[in-house]
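User: I am new to this structure and would like a short walk through it. Could we begin with how the parts are arranged?

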Amino acid sequence: MRMFENYSLETLNTFGFKVSARYFVEAESVEDIREAIAFAARENVPVVPLGGGSNLVLSGNQEALFVHVNLRGKEVVSRDGETVCVKAGAGENWHEFVRWTLAEQAFGFENLSLIPGNVGAAPIQNIGAYGVEIKDHFQSLEALDIQTGELKSFSLDECQFGYRDSVFKNAARDHFIITSVTFSLDAELSPRLDYGRLRQEVEQRSQGSQSEAFVISEAVCDIRMEKLPDPMVLGNAGSFFKNPVVDESVLSKLQRDFPDIVAYPFEGRWKLAAGWLIDRAGLKGFRQGAAGTYNKQALVLVNHGGAGPDDVLGLAKHIQSVVFDRFGVELEMEPRVY
Ligand code: FAD
Ligand code: EPU
């Protein structure tokens, strides 16, 4: 395993910030990770696991050991009439993994097509899109304890998944490096097409020789490509804020002033569309220096070229304050800041 010093992370974060890691390793195996964490302990620097870098903001000097988790491998573990159990290494690309599951006749993740990043990061915020979250098909994961170097298995309950949330953002934050994830997928396709214009998009397409699951996957890809910027073209980390969850009383008050506010029922409360709030506050396509909000999706903050983390975080603060003044609602950041 080769240890790099002052290693550029520019291509390893989708904002494209020009930031260097004090130490960097490419980990291909559990043994590599163990060696890396022993090194970090000796050097007395924190360990930061890194996947595709699509949900973080790297700010300032990174006096840490960045471990690019590159453990590979995908396998069908078992299959019966109802479920197909699949396991993937943390370093597998998420979208390629989804497409592989469909080819293996293992269904459930078609709506999660084209989410950037790797399998190992998917449980961190319980990734979700188009009405599906990974928790819906999660079985277990294996993770290395950064303190002890021991492998531990986490069950569905132990992961404490919520909306863009898990134990790894709370009690277990910074304690584990996920090495593999096992999912329990469906042997039969049950399309979930109720989100937005997905059903319409799917119905418009002729199936041809493709299976229905691939048609759904491609419809999802097309919708996403239409409204989300490609990080290779315009740096971004997807939604920059979570959709705020409020009580019925808060929503009712807001509806009096803003009858067209977008809200969805969520666990006995209401989830507001943060993109709508930012848009309605007049900040869609807004620019502050080289940082801005995307002109087709106000919830996505973008690097127009040459922006640094301070520009993006400064813009985020401005948005939070404008939205709070206008609607009395607080926006919580989704990506993690290092
Ligand atoms: P990274 O950005 O590398 O890491 C994210 C966090 O996870 C960091 O805290 C990191 O330390 C930690 N981490 C990474 N790997 C490991 C590991 N193996 N073990 C322990 N910790 C680890 N998210 C959604 O939920 N739904 C969407 O629809 C969606 N759309 C997006 C669209 C775009 C254009 C972009 C840029 C992002 C989008 N995201 C979305 C956010 C992002 O894709 C997900 O959060 C993804 O899971 C991040 O994966 P990553 O490998 O890039 O993680
Ligand atoms: N909207 C506006 N103006 C905007 C943006 C959105 O009015 O500028 C409105 C839309 O018209 C729609 C509503 O807000 O009525 C919701 O918009 P959209 O369907 O684009 O979804 P979102 O709530 O903005 C969430 C996730 C995305 C995920 C999509 C699809 C969060 C924080 N974001 O976005 O996840 O892909 O739903 O399921 O929950 C991510 O987490 O990085 C991410 C991209």
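Analyst: The centres of domain 1 and domain 3, taken over C-alpha atoms, are separated by 29 Å. Domain bounds come from an automatic or database domain assignment. This is a predicted model, in which local features need pLDDT of at least 70 and side-chain atom pairs count only at pLDDT 80 or more, while totals for chains, interfaces and linings use all residues. Residues are numbered from 1 along each chain as its sequence is written, and side-chain values use heavy atoms, with hydrogens and water left out.

User: How many residues does the contact take from domain 1 and from domain 3?

Analyst: Domain 1 gives 10 residues and domain 3 gives 16 residues, where contact means heavy atoms within 4.5 Å.

User: What area is buried there?

Analyst: About 1000 Å² is buried between domain 1 and domain 3, counted as the accessible area (1.4 Å probe) that two parts lose on being put together, summed over both. Carbon and sulfur atoms give 62% of that area. F15, N55 and V57 supply 58% of what domain 1 buries against domain 3.

User: Turning to ligand 2, where does it lie?

Analyst: Ligand 2 lies between domain 2 (74–227) and domain 3 (235–337), because both give residues to the shell around it. That shell has 23 residues, each with a heavy atom within 4 Å of the ligand. Among the closest are Y130 and D279.

User: Which side chain has an N or O atom 2.7 Å from an oxygen atom of ligand 2?

Analyst: That side chain belongs to Y195.

Key:
Chains are lettered from A and ligands numbered from 1 in the order in which they are written. A polar contact is a pair of N or O atoms within 3.5 Å; within protein, one must be able to donate a hydrogen and the other to accept it, and residues adjacent in sequence count only if both atoms are side-chain atoms.
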